[in-house]
Amino acid sequence: MKHIYSILLGMLFGGILVKAEVLSWFRIQEMFWFQSFHMYGIIGSAIAVGAISLWLISRFDAKSLSGEIISPAPKVFNKKGNLIGGIIFGFGWALTGACPGPLYALVGSGYGIILVSILAAMFGVVVYG
């Protein structure tokens, strides 16, 4: 049953991305050319929601659906790895016009060519691993 919740939540998230125009190649290009605040506002909102969510999870000892306490591990900043990884991520995002988050929503929206980006992302994960 919990897998159905995950699928429904993923579909809802994909629908929100479509309606917010986060999948739009034009919006992404506007962001990289500093022509519009739209994407920066969405990314900033996501950061704020994530920060507040993490604070609430730690403050109230939130539990997962299986009853385990959620305790996110602190992340260690690796200057060289984060810099190189960020540059590669940014190049891929700028070249494909697609962030890894909405790739599946793009395929669901009818952009089958994005399967190439998904395969490239999977290749990058294997190389990293």
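**A walk through the helices**

Let's start in a loop. Isoleucine 69 sits in the loop between H3 and helix H4, which covers 79-96. This is a predicted model, so keep that in mind throughout.

Is isoleucine 69 buried or exposed? Its relative accessibility is 52%, and the cut-off for exposed is over 50%, so isoleucine 69 counts as exposed. What does isoleucine 69 touch, once residues up to four places away in sequence are set aside? Ala62 and Lys63. Now look back along the chain to valine 49, 20 residues away from isoleucine 69. The two C-alpha atoms are separated by 20 Å.

Aspartate 61 is not a glycine, yet its phi is positive, about 45°. Most residues other than glycine have a negative phi. As for accessibility, aspartate 61 comes in at 47%, so it counts as partly exposed.

There is another one to flag. Glutamate 21 is in the loop between H1 and H2. Again, not a glycine, and again a positive phi, about 60°. Glutamate 21 has 36% relative accessibility, which means partly exposed.

What comes before glutamate 21? Helix H1, residues 2-19, with glutamate 21 following it. H1 has 18 residues. From first C-alpha to last, H1 reaches 26 Å.

Just after H4 comes glycine 97, with a positive phi of about 75°.

Now the packing. Take H2 and H3 first. H3 spans residues 38-59, and its axis comes within 8 Å of the H2 axis. At what angle do the axes of H2 and H3 cross? Roughly 90°. H2 and H3 are therefore roughly perpendicular to each other. On the H2 side, the contact is made by Arg27, Ile28 and Met31. On the H3 side, look for His38, Met39, Tyr40 and Ile43. By type, the residues of this H2 to H3 contact split into five nonpolar, one polar and one charged.

Next, H2 and H4. Their axes come within 9 Å and cross at roughly 130°. That makes H2 oblique to H4. Which residues meet here? From H2, it's Trp25, Ile28, Gln29, Met31 and Phe32. From H4, it's Gly90, Trp93, Ala94 and Thr96. The residues of the H2 to H4 contact divide into six nonpolar, three polar and no charged. Ile28 and Met31 of H2 take part here, and they are also in the contact with H3.

Zoom in on one residue of that contact. Alanine 94 lies in helix H4. Leaving aside neighbours within four places in sequence, alanine 94 is in contact with Gln29 and Phe32. Alanine 94 has 29% relative accessibility, so it counts as partly exposed. Then compare positions: alanine 94 and glycine 112 are 18 residues apart along the chain, and their C-alpha atoms are separated by 18 Å.

On to the core. In soluble globular proteins, nonpolar side chains tend to be buried together. How many residues are in the largest nonpolar core here? Thirteen: the largest nonpolar core has 13 residues. Those with the most contacts inside it are Leu23, Met39, Trp93, Ala98, Leu103, Leu106 and Ile114. Helix H2, 25-32, helix H5, 103-108, and helix H6, 114-128, each supply at least two residues of this core. Which helix gives the most to this core? H5, with three residues.

Pick out leucine 106. Beyond its neighbours within four places in sequence, leucine 106 is in contact with Leu23, Ala98, Tyr111 and Ile114. Of those, Leu23, Ala98 and Ile114 are on the list of residues with the most contacts inside the core.

Last stop, helix H6. Serine 117 lies there. Buried or exposed, for serine 117? Its relative accessible area is 16%, under the 20% cut-off, so serine 117 is buried. Setting aside neighbours within four places in sequence, serine 117 is in contact with Thr96 and Leu103. Leu103 is one of the core residues with the most contacts, and Thr96 is part of the H2 to H4 contact.

That's the tour.

Terms used: Residues numbered from 1 in each chain as written. Predicted model: local features only at pLDDT ≥ 70, side-chain atom pairs only at ≥ 80, totals over all residues. Heavy atoms only, no water. Core = buried A, V, L, I, M, F, W, Y, C linked by side-chain atoms within 4.5 Å. Buried < 20%, exposed > 50% of the residue type's maximum accessible area, 1.4 Å probe, protein only. Helix = DSSP H or I, 4+ residues; strand = E, 2+ residues; numbered from the N terminus. Contact = heavy atoms within 4.5 Å. Axes fitted to C-alpha atoms, helices over the stretch in contact; angles between N-to-C directions. Parallel < 35°, antiparallel > 145°, perpendicular 65-115°, else oblique. Nonpolar A, V, L, I, M, F, W, Y, C, P; charged D, E, K, R; others polar. Expected span 1.5 Å × (residues − 1).
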